[in-house]
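Hi,

Here is the model I promised to pass on.

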Amino acid sequence: MHPERRVFFVDAAHFVMGAFLGMLWCFERLFLKSSSARRRYNVVGAFSVKGTDLITVTHDAYINSVTIVDLLIKIKQALPDIPLTLVMDNARYQRCNKVTEQAEALGIDIIFLPPYSPNLNLIERLWKFTKKKCLYNRYHETFCAFKEVIDECLEKVKSVFSEQIKTLLNPKFQLFGKSTGVTALGITCSFFLVGVDGCAMNCWYTSSMAFSVKSVFSMSGFVLKCRHYTASFSANVATRSIAVEYGIL
């Protein structure tokens, strides 16, 4: 019997040591200390919905393809006998020959998300959760203290914050009908459907400029197919909604 495939959502977070302000009703103006925002703590993470597993690589320098390769190796070392699929965006240091070749050598499948679709990457919600828990409305006097609170928060993802994370990083995205026309701002646009092995994606755009929707997905040897739409709009307001349900999770 083959082990069940694990899917990890991969992304990098750049925590700048500066002011993370929240909002509060108050009768007087409040002043908070803040750092110069000249230093940042980079975290590259891979999050799996199943088990709320989080694997990270952290450092103070710039993130590049070497960092992503280090993460791939670390994930494979943690789960050596389990088939792996990574979902990530199209950042240059991720979508490059060095990363794809290393992934192939390790037997890891990669799915690259459509451009400008951070809402499809669940780990983005984890970064927001981290800022809310340990950075908003707080002042950290030293860079070491700043890094420590972030590391401490991420270490609690699987334990203390487990139930909150399961609710927040829920993979059940909203799905729309298979064939639907939408009129927004007097402009009609279309959904497209792609599907493979229980997975489905519906997507629609309205924009103030010409666009073209294309399919660039592969997973476990399958190819996702979709119709191509091209349109040009003159509206000043743009709306976008993308929904995906990962049947493999």
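Predicted model: local features only at pLDDT ≥ 70, side-chain atom pairs only at ≥ 80, totals over all residues.

Below is what turned up, starting with the sheet and moving on to the helices and the cores.

Residues are numbered from 1 along each chain as its sequence is written, and side-chain values use heavy atoms, with hydrogens and water left out.

The sheet

Helices (H or I, at least four residues) and strands (E, at least two) are DSSP runs, numbered from the N terminus. Two strands pair if DSSP finds at least two bridges between them. On that basis there is an open, mixed sheet of 5 strands, ordered β3-β2-β1-β4-β5. At the edges sit β3 (53-59) and β5 (108-112), each pairing on one side only. Neighbouring strands are turned by 25 degrees against each other on average, direction ignored.

β1 (6-16) and β2 (40-48) run antiparallel and are joined by 9 bridges. Phe8 stands opposite Ser48 in β2, and Val16 has Arg40 of β2 as its bridge partner. β1 and β4 run parallel, with 4 bridges between them; here Arg6 stands opposite Leu84 in β4. Of the 11 residues of β1, 9 are buried (under 20% relative accessible area, against over 50% for exposed and in between for partly exposed; 1.4 Å probe, protein chains only), so β1 is largely enclosed by the rest of the structure.

The helices

Axes are lines fitted to C-alpha atoms, for helices over the stretch in contact, and angles run from 0 to 180 degrees between N-to-C directions. Contact means heavy atoms within 4.5 Å.

α1 (residues 65-78) and α2 (residues 97-106) pack at about 15 degrees, with axes 9 Å apart. That makes α1 roughly parallel to α2 (angles under 35 degrees count as roughly parallel, over 145 as roughly antiparallel, 65 to 115 as roughly perpendicular and the rest as oblique). The α1 side of the contact includes Ile68, Val69 and Leu72, and the α2 side includes Val99, Ala103 and Leu106.

For α3 (123-134) and α4 (143-155), the angle is about 120 degrees and the axes are 10 Å apart. That makes α3 oblique to α4. Trp127, Thr130, Lys133 and Cys134 of α3 meet Val149, Ile150, Cys153 and Leu154 of α4.

The cores

A nonpolar core here is a set of buried Ala, Val, Leu, Ile, Met, Phe, Trp, Tyr and Cys residues joined through side-chain atoms within 4.5 Å. The largest has 30 residues, and those touching the most other members are Phe15, Leu126, Trp127, Phe146, Ile150 and Ile165. β1, β2, α3 and α4 are the elements that give two or more residues to this core. Leaving aside neighbours within four places in sequence, the contacts of Phe15 include Tyr41, Val43, Trp127, Leu135, Phe146 and Ile150. Apart from this core lies another, of 22 residues, among them Phe8, Ala12, Ile68 and Phe112.

Cheers
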